[in-house]
Amino acid sequence: MNTFRKKLKHYYAWWVLACCLAWSPMAYTQTRQLPKVDAAKQKAQQALEARKKAVHEKSKAFLKEKLDPRAPYRQLKTKGKEDLQKRFAILKNVYGESKKEVTGFRLPPLLKFNGLQANLERHTAQRQGNYPLGIPGDFTRFQVNGGVSVLGVPLKVQGLFTTEQSELRQPMNQFSVGLDIATLQRQLQQRVDARLRKLQQVYNVQEYQSLDKLYKFEQIKEIESFTQNEVRQHLGELQQLKDLEELKNLKEWEKNWQQKLKTKGTAWAKKEKTRYYQQLGQKINDNPTLAKAYTKLGVNPEDLSNPKALEKKLKDKSATLKQQTTQLYEQKKAGLKQKYQGTKGKALKKMNKRLGKFLGRQNLTVSDLKNLYENRDSLAKQAPERLLGYENARILKSFRAGKNKEGLQQLQQAGIISLPTFLAASLQTLTVGTSHPQFTDFTLSGARIDGVGIELQPGQLHLAYYGAKNKVATAANNDYTRKLKAYRAGWGKKEGTHLFINHVQGQDDLTTFRGDSIITGIGDTSFFDKPRRNTVWGADAKWRWKQWEVEVEFAQSMTTLDLSRENLPATNTHIAEFLQQPLTDQGNLQVGQAYGLRLHYQLGERTTLHGKLERITPGFFSLGVPYFRNDIEGGEVSVEQKFWKNQLTVTPLYGYWHDNLTGRKETTSLMQEYGLNVSLTPQKWPFMALDYRKNLIENNELNNVEILNVHTGYNYTQGSTQMQTTLTALLQETRTQSEEFNLKNISIRNYTLQQVTSFSFPLQASAQLNFLDQKGGREEGKWLTVGGSLTYTFWGVWQNSIKGNYGKNQKEGIKYDWGLESSLTFLNYYTFTVGVEQNKLDTLLPLNNYEELRGKVVLSARF
């Protein structure tokens, strides 16, 4: 055993010696390299210091030019391309960005999906009996919706392709690719935020907030005609006048101080007196004339910085002090009055008025404003790169808050975004394919357009274009292929104050016209089934001011009712062609106007007033507004009032309309609407939504329609189980009366009670009870329906559900439906769904009975 220990020690000694010999060259090498590493660090530190010094000098030179006291404020507010490029380029080195990081470009991926979802569905059905018109029995449908990026440009894709498409109706298939403006703006905000985070490395937040008030003061329009020296000198004179006014009232201050001494105690009084005489000494010191006058009273310059000495020197000298300061106060006041004479004086008065409002709004004094100027001057000398960082951050923050009208141009000029990004960010809409644009209620609203749509917003200029196909020719409805183009140009933004000019032009294709119309017959000139040409010009303006928002719209249309009719020869060849047509076309040309006024007024935080007035003449028409109604005049008014911490909203409304504006109809219809909407959303109690409408239509008959819709419910938790109980009630009364008897009376009572329960394990159950009682009309009778559903998910990827409803009518019979559905998610991106359902109606009338067995298969993919 001892021999083994000796050998172990021997081997260990040799191992230690070998390690030492191996480590010695490495240690020697590292020791030789230390001076090299230290030299490299020292060189990098020297380069960093040199870079900071260069940035310091460049910032100082730039700010010296911009903050020249002799320069008018208008030059300070002007930020041209070179100015902005210098502002942001100077500080690039402060961030520590290398030339490669600043100018390098990495090609984005060719194709990247952002939440793109595609569905392929196949439905098939076996039907018996008189099944209601609607969804066909067998069809295949493909839908795609979501976002995709091509070379970094975010796009939005929407498409629908289905075998339900038919030559007998307008197309259902549609596809559109458009620029995803929301994603693009979000990316732009992220770039601005990243630049702001780098700027925060060189500025102090509290210091920035104080200087921001000075920047806001310099944005006042009334000071643009003055130089910085003139403004600062005027602020000094105002401060001196205010100081003199306080000094001449020293006796009154002492009286007030003696009264507060009794109520607030000695400790507070001593502290307040010290603070007062300290400020008093500073004010005297800042005013040379006043300091000279106080010297005669025995106040030495060293006493001004000693509150106790100053108090002792001024004791029992209030009368003399008041006399001296009053005399100086009157002299200063007279001097300022003299400055207010003439054109320059009027501008000075306006500046004083705005200055008072600004100081009150920012909770500042004239002395505080003077100190802000001094702080900025000090920063411009000692830390110019920090001051320049504040100005750059102010531009970026105003853009991020949406308060900078020229924000995009400034970012592009400063080199933060490229010109293509600037143009893309200026877009409001860019769509290729199917779109349903919205201009105004009178020109373009909801019409389908297959073509190109683009809306540009470079600064305050707004431009928009949509075109070109609106309809295709169909065999059954006597439709024509129609082209529709819409233009808009103006100043301002859609959601803000603006003035826009709108133009919409639509025309049917004569080559698709059928003279032997199935509906109207030969020679019929019906307005709704002859090829037409329609031109609309309009203007809309919105004005926002404080709590007011006013919208005004005017439009004029010119419609050729039948393009197939031949024009008669002109009676006067000296009249322009577009003026000849109304004279020679014998009523084939129709002209009309539309006027609109909309008003919104915010009275406090809880009351909002809405109003609308419209007049649309019988001849006005726009192909850009489907189902447009003309020959009508009237208005609506509503008041939205919030109570109980905005948890209760009550909105009464009233509307009045009438037609037959030109008196050509035999009867005039008067339409009145009364309504009340109540919304109750307490935090821990049941919610409720109530909507009541009463419509009166009076012509040769009196139609009275009343609708009450109530929806209430409660969300609550029992242990780990979440529950929701809802009750919906729909009550409708329709009465039509003539002078002789009542007719067409319909009464509907519809009640639905629903219970939804979600358990802690993956099971969700729902049950509902519905009662429908209808008197009058085609579906008269009483129906009681019960139903429910169960949904369970296995392993988080396989969802199965079963549903069923059973309804019974005492007179007619029964109706029921049931269904099974199973969905399996695989590879995280794909879902396969299979479903089957059956619907059946069995009544006493065989012609109304039907039965359907439907199956579906759906494959969904999410990228």
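**Note on the predicted model**

1. Leu827 sits in the loop between strand E26 (813-826) and strand E27 (830-842). Strands (E, at least two residues) and helices (H or I, at least four) are DSSP runs, numbered from the N terminus. Phi of Leu827 is near 55 degrees, a positive value in a residue other than glycine. Leu827 counts as exposed, at 64% relative accessibility. Exposed means over 50% relative accessible area, buried under 20%, and partly exposed in between (1.4 Å probe, protein chains only).

2. Basis of the values. This is a predicted model, in which local features need pLDDT of at least 70 and side-chain atom pairs count only at pLDDT 80 or more, while totals for chains, interfaces and linings use all residues. Residues are numbered from 1 along each chain as its sequence is written, and side-chain values use heavy atoms, leaving out hydrogens and water.

3. Lys546 also has a positive phi, of about 55 degrees, although it is not a glycine. Its place is the loop between strand E12 (533-545) and strand E13 (548-560). Lys546 is exposed, with a relative accessible area of 68%. Most residues other than glycine have a negative phi, and most peptide bonds are trans.

4. Ala468 belongs to strand E9 (residues 461-471).

5. Overall content. The protein has 18 helices and 28 strands. Of its 863 residues, 35% are buried. Among contacts (heavy atoms within 4.5 Å) with a separation of 6 or more, 56% are between residues 24 or more positions apart. The accessible surface comes to about 52,400 Å², and carbon and sulfur atoms hold 55% of this area. Accessible areas come from the Shrake-Rupley method with a 1.4 Å probe; for residues, only the protein chains shown count as cover.

6. The largest nonpolar core has 29 residues, and Phe217 and Leu369 have the most contacts inside it. At least two residues of this core come from each of helix H5 (181-199), helix H6 (205-218), helix H7 (228-247), helix H13 (342-362), helix H14 (366-382) and helix H15 (384-400). H14 gives the most, with six residues. A nonpolar core is a set of buried Ala, Val, Leu, Ile, Met, Phe, Trp, Tyr and Cys residues joined through side-chain atoms within 4.5 Å. Leaving aside residues up to four places away in sequence, Leu369 touches Leu214, Phe217, Leu235, Leu355, Phe358 and Leu359.

7. A second, separate core holds 22 residues, including Ile449, Val536, Ala594 and Trp657. In soluble globular proteins, nonpolar side chains tend to be buried together.

8. His503 lies in strand E11 (residues 498-508). His503 is buried, at 11% relative accessible area. A polar atom of its side chain lies 3.1 Å from the backbone oxygen of Val536. Residues touched by His503, not counting those up to four places away in sequence, are Lys485, Ala486, Tyr487, Thr535, Val536 and Trp537.

9. Strand E18 (residues 670-680) and strand E19 (residues 687-698) run antiparallel, joined by 11 bridges. Two strands pair if DSSP finds at least two bridges between them. Six residues separate E18 and E19 in this hairpin. Leu676 has Tyr692 in E19 as its bridge partner.

10. E19 continues to strand E20 (residues 702-718) with 12 bridges, again antiparallel. The hairpin joining E19 to E20 passes through three residues. Met688 has Thr712 in E20 as its bridge partner.

Technical notes: Polar contact = N/O pair within 3.5 Å; in protein donor to acceptor, adjacent residues only side chain to side chain.
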